[in-house]
Amino acid sequence: MRSLTLLLVSAIIGLTYAGYYPRPNFCKGVNCKNGGNCRSLYTSFKCECKKGFTGKFCQTNINDCKRNICKNGGKCKDLVNGFNCECKKGFTGKFCQTNINDCKRNSCKNGGKCKDLVNGFKCECKKGFTGKFCQTNINDCKRNSCKNGGKCKDLVNGFKCQCKKGFTGKFCQTNVNDCKRNSCKNGGKCKDLVNGFKCECKKGFTGKFCQTNINDCKRNSCKNGGRCKDLVNGFKCECKKGFTGKFCQTNINDCKRNSCKNGGKCKDLVNSFKCECKKGFTGKFCQTNINDCKRNSCKNGGKCKDLINGFKCECKKGFTGKFCQTNINDCKRNSCKNGGKCKDLVNGFKCECKKGFTGKFCQTNINDCKRNSCKNGGKCKDLVNSFKCECKKGFTGKFCQTNINDCKRNSCKNGGKCKDLVNGFKCECKKGFTGKFCQTNINDCKRNSCKNGGKCKDLVNGFKCECKKGFTGKFCQTNINDCKKNSCKNGGKCKDLVNGFKCECKKGFTGKFCQTNINDCKRNSCKNGGKCKDLVNSFKCECKKGFTGKFCQTNINDCKRNSCKNGGKCKDLINGFNVNARKDSLENSVKPTSTIAREIAARTEENAKILSMVSNVNARKDSQENSVKPTSTIAREIAARTEENAKISSIVSNVNARKDSLENSVKPTSTIAREIAARTGENAKTSSMVSNVNARKDSLENSVKPTSTIAREIAARTEENAKILSMVSNVNARKDSLENSVKPTSTIAREIAARTEENAKILSIVSNVNARKDSLEILSNQHQRLQEK
């Protein structure tokens with residue numbers, strides 16, 4: 001019944017195809033969505049969807065973002081039969097896979113190379129340039145100072161020091177080494193001198209360059225015809241054969257280094273020896289056994305072995321006899337199996353086997369598996385004149401030659417490719433995936449650890465280390481060299497730290513970049529008004545005139561280069577000196593009355609001039625009141641004048657002492673006349689001195705003393721003038737009586753005593769005038785130096 005029904009259905013279908021029955025339309029009432037077309041099949045319908053849609057009725061928009069991944073953080077937006085990647089800044093392309101090249105619109109200067117970044121760029125400048133576009137030539141002279149007065153010239157990525165003569169080196173730091181162009185020979189050491197050198201020679205050499213080997217053969221002679229060869233600091237005797245020793249003095253015993261073999265005895269000769277051999281041996285050293293094989297030959301390839309006074313034949317296998325002349329029959333002790341026949345050979349035999357057997361003795365049935373090998377590890381089972389292969393799992397065929405394809409029933413994920421194995425398969429995963437089916441994304445952070453506290457972020461077939469500040473590199477393994485962008489000044493050395501740096505400054509500098517020259521004047525003060533000038537790691541005191549020393553602490557002794565004449569003593573002042581003249585020659589002379597009268601007249605005129613000067617000084621006093629000498633200068637002047645007054649007092653006491661001795665002695669008139677004549681010459685000298693004082697008066701008018709000093713001088717001179725006027729009246733009263741008469745001795749004695757006292761006063765006045773003259777000159781010089789300063 002069932003077969004009949006099938007036959008009927010087949011007939012109807014056939015008639016339908018033939019056009020006898022109408023075909024049913026299964027698309028009636030079916031609504032395919034999104035522009036899909038309905039297609040009627042034999043027993044149902046199918047919606048043929050437009051691209052981008054799926055589902056029975058084409059109702060579902062296919063999510064194209066599932067199989068299309070946007071790269072570099074881009075976001076995927078699904079479209080109809082497509083997708084759109086919204087890329088992050090700096091990326092472009094359908095999948096945001098392309099980093100926009102920002103270098104196209106930004107060019108680096110001076111040969112710099114542009115490195116594209118994400119949404120940016122970086123210029124990798126050639127050495128010597130800096131700036132965002134490498135537009136700036138770095139001034140290398142800022143951090144490189146030339147030594148010893150050299151001038152720095154900036155170059156591209158460098159600098160050049162133009163050194164002063166005598167210096168060289170990158171920084172002119174090196175004194176020219178004269179040893180470089182003057183080499184000492186024969187291991188001599190060159191010692192550099194100033195514009196020269198000196199070679200310190202090794203023993204055995206001499207000369208400016210140690211070029212001459214000292215001939216040691218001159219004082220050493222070789223014996224027995226030996227030749228002397230000069231060495232370095234020595235010699236060597238090249239002896240004739242048969243002699244040895246430093247001087248070739250010893251005959252060599254040739255038996256010491258030549259031993260006779262096999263019991264032979266050595267006899268020494270001149271430059272030679274002779275071995276007396278035992279029987280059976282020969283040769284220079286008795287080393288050779290006489291070969292008895294030379295006259296005895298072995299047969300059939302046998303080898304002759306020499307013995308002492310005999311021989312032995314070592315025969316090849318298969319032969320025997322004294323001379324190896326007999327072939328041994330090997331079939332006697334070897335029988336063939338399974339009906340095989342034995343054939344004798346040389347040192348062997350051969351079995352000729354029946355068919356089906358093999359082996360040396362025909363003992364083995366032939367294995368048919370030997371010439372029929374099973375493939376892929378299959379095992380061969382030997383049969384009678386045949387074989388059978390038992391295959392391993394995964395293989396098939398007569399010889400197990402076919403590998404069963406296991407990839408047909410196993411699919412790999414994430415684009416992995418299936419590779420068929422024996423009784424299995426292997427997925428060859430794309431980079432970044434693992435697992436039997438490539439289903440697992442590999443965590444690349446497990447086998448890649450970030451150094452120095454960096455954090456690892458896993459990517460597809462990769463990883464990224466997010467480094468802490470101060471580190472860089474794929475694994476954060478590199479400490480960023482902060483010294484590259486931070487240069488230490490003034491020769492300081494930069495020490496790199498983690499995310500920082502430290503400048504180790506040369507002596508005399510300080511600051512983060514060693515940019516500050518330490519002011520050495522702060523802890524070093526200059527004395528006596530000297531000015532301190534700061535240097536590098538030092539200082540210099542610029543002293544005022546009259547002082548010297550590192551700190552201007554020493555008053556220059558001006559008496560060293562200024563010598564006082566005629567026994568005067570030099571007293572050192574500040575930037576000057578003072579002379580205390582000797583007055584001894586004046587103390588021993590007593591002037592005549594006429595001379596005293598002339599001196600009084602001259603001094604009266606001089607005093608008139610001095611009074612005129614005083615009035616001029618008083619008139620100019622008001623304009624000079626603002627110039628006051630320093631206290632130290634006034635103190636020195638007072639001390640000097642006190643010393644001068646002490647000397648004047650000493651002179652007065654000496655005159656008084658001589659006065660007493662004169663009062664006790666009364667000279668005759670003729671003697672007094674001669675003394676008056678002698679003193680007339682001395683008075684002429686005194687007048688010359690007074691003239692000199694008058695001539696120098698004008699130069700003294702420009703020196704203005706303090707008001708207090710002038711007042712004291714006027715008071716002293718007023719008192720002196722009163723005494724002089726009194727003396728003048730006394731002299732005039734007595735002049736007439738003295739000119740025409742010669743007084744008695746007692747009267748002359750009294751007059752001499754009176755004149756002695758007057759002369760003492762005059763000498764005191766002259767001494768005071770001279771002393772004041774010197775002090776006025778010193779004050780004038782000091783005032784002039786103050787004006788110059």
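A disulfide is a pair of cysteine sulfur atoms within 2.5 Å. Keep that cut-off in hand for this tour of a predicted model, which holds 43 disulfides.

**Stop 1: C32 and C47.** Select both residues and show the side chains. A disulfide joins C32 to C47, with 1.8 Å from S to S. The angle about the S-S bond is -80°, and the link is left-handed. C32 sits in the loop between α1 (2-18) and β1 (37-40), while C47 belongs to strand β2 (residues 45-48), so distant parts of the chain, 15 residues apart, are linked. C32 is buried at 11% relative accessible area, and C47 is buried at 7%.

**Stop 2: C70 and C85.** C70 and C85 are both buried.

**Stop 3: C87 and C96.** Here the sulfur atoms lie 2.0 Å apart, in a disulfide. The torsion about the S-S bond is about -90°, so the disulfide of C87 and C96 is left-handed. C87 is partly exposed, with a relative accessible area of 29%, whereas C96 is buried at 1%.

**Stop 4: C564.** Select C564 and C570, and display the distance between their sulfurs. The closest cysteine sulfur to that of C564 is in C570, 4.2 Å away, which is too far for a bond because a disulfide needs the two sulfur atoms within 2.5 Å. C564 counts as buried, at 18% relative accessibility.

Technical notes: Residues numbered from 1 in each chain as written. Predicted model: local features only at pLDDT ≥ 70, side-chain atom pairs only at ≥ 80, totals over all residues. Heavy atoms only, no water. Helix = DSSP H or I, 4+ residues; strand = E, 2+ residues; numbered from the N terminus. Buried < 20%, exposed > 50% of the residue type's maximum accessible area, 1.4 Å probe, protein only.
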